[in-house]
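Dear colleague,

I am passing on the structure we spoke of, together with my notes. Please read the notes alongside the coordinates shown here.

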Amino acid sequence: MAEKKSWRDYMWIISASYITLGFFNILFGWLGLACFFIPLLISVFGGTKSYCNKYCGRGQLLQLLGDKLRLSPYRDIPAWMKSRKFRYGFLVFFMSMFVNMIFVTWLVFSGSRSLEQTVSLLWTFRLPWHWAYSGGVAPGVAQFAFGFYSIMITSTLLGIVTMLLYKPRSWCVYCPMGTMTQAICALKNKNK
Amino acid sequence: MKAKRKKATADKSLCVACGSCAKACPRKAIEIFKGIYAAVREERCVGCGICARICPASVITIIVREAENG
């Protein structure tokens, strides 16, 4: 029996829109901060992973692509990918790259580096993305948008690859936000 | 007489608490305990295996238990 859908089940539309909008105007990249702050705030103040459990648009999108569109083979993820070592290692790596992006943004803000209108894929490949920016804001503001959108595109790509290889929501296993919020919940609920 | 019943069980140490299982469970037999791991409410679970299939970390297994009162 199909259960009645809630508005929460349509968050995938927001995720898909985010990726699409950033293609046309990079300043939409800033909106990705919501995926960073909302789960953290929920875990810090609520002590739950409600964001992952109910609201995560990316998880829903991957589920939709993998299950409804039958793109996922539903294979088991390798043991090393669900090990704490890998999950926390990936979190550290991801956050280091995030800090690096903030540093580059600061350099552009301070004027010691010029705005780079590219989207960096997998932290390595620079794709031209100049059509998505037509000025109007401080170069640093635009640089942050390019940087954050790059992170979002890269993680979406990783999510799609592991969806195609393993299970639809394989990304959730090593998602840095998921790892971080689970650790926060564990710490917060330790003495309860 | 003892009957055999299937139940889902999650490995707490490897669970990532994503909640895919809880969302997929048609009996609402799984909840994410304090954002840490998936907890199965055995009295509700019928061992259908939907959660085990969907679990991205494959930490849910279906076990067969002997139960009283068929």
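Is F93(A) buried, partly exposed or exposed? F93(A) is partly exposed, with a relative accessible area of 35%, where buried means under 20%, exposed over 50% and partly exposed in between, with a 1.4 Å probe and protein chains only. The residue sits in helix α5 (residues 84-110) of chain A; helices (H or I, at least four residues) and strands (E, at least two) are DSSP runs, numbered from the N terminus. From C-alpha to C-alpha, F93(A) is 22 Å from L41(A) in space, and the two are 52 residues apart in sequence.

Before going on, please bear in mind that this is a predicted model, in which local features need pLDDT of at least 70 and side-chain atom pairs count only at pLDDT 80 or more, while totals for chains, interfaces and linings use all residues. Residues are numbered from 1 along each chain as its sequence is written, chains are lettered from A and ligands numbered from 1 in the order in which they are written, and side-chain values use heavy atoms, with hydrogens and water left out.

On the two chains together: 21 residues of chain B are in contact (heavy atoms within 4.5 Å) with 27 residues of chain A. About 2000 Å² is buried between them, and carbon and sulfur atoms give 47% of that area, which is the accessible area (1.4 Å probe) that two parts lose on being put together, summed over both. The rule finds 2 salt bridges across this interface, a salt bridge being a side-chain nitrogen of Lys or Arg within 4 Å of a carboxyl oxygen of Asp or Glu. D9(A) forms a salt bridge with K23(B), with the closest N and O atoms 4.0 Å apart. On the side of chain B that touches chain A, the elements giving two or more residues are α1 (20-24) and α2 (50-54) of chain B, and the largest share, 3 residues, comes from α2(B).

N189(A) lies in the segment after α8 (176-188) of chain A and is buried, at a relative accessible area of 9%. Leaving aside residues up to four places away in sequence, N189(A) touches G47(A), K34(B) and I36(B). K34(B), in turn, belongs to the turn of a hairpin formed by β2(B) and β3(B), with 3 residues between the strands, and has a positive phi of about 45 degrees. Those strands, residues 30-33 and 37-40 of chain B, pair in the antiparallel sense over 4 bridges, pairing being assigned if DSSP finds at least two bridges between two strands. Within this pair, E31(B) stands opposite A39(B).

Chain A has a hairpin of its own. Strands β1(A) and β2 (residues 125-128) of chain A pair in the antiparallel sense over 4 bridges, and R126(A) in β2(A) is the bridge partner of S120(A). In this hairpin, with 3 residues between the strands, L122(A) takes a positive phi near 55 degrees. In a regular strand the side chains alternate between the two faces of the sheet. For β1 (residues 118-121) of chain A, T118(A) and S120(A) on one side and V119(A) and L121(A) on the other are all buried.

Lastly, the cysteines. A search of the whole structure finds 0 disulfides over all chains, a disulfide being a pair of cysteine sulfur atoms within 2.5 Å. The sulfur of C185(A) is too far for a bond, because the closest cysteine sulfur, in C52(A), is 8.5 Å away.

With best wishes
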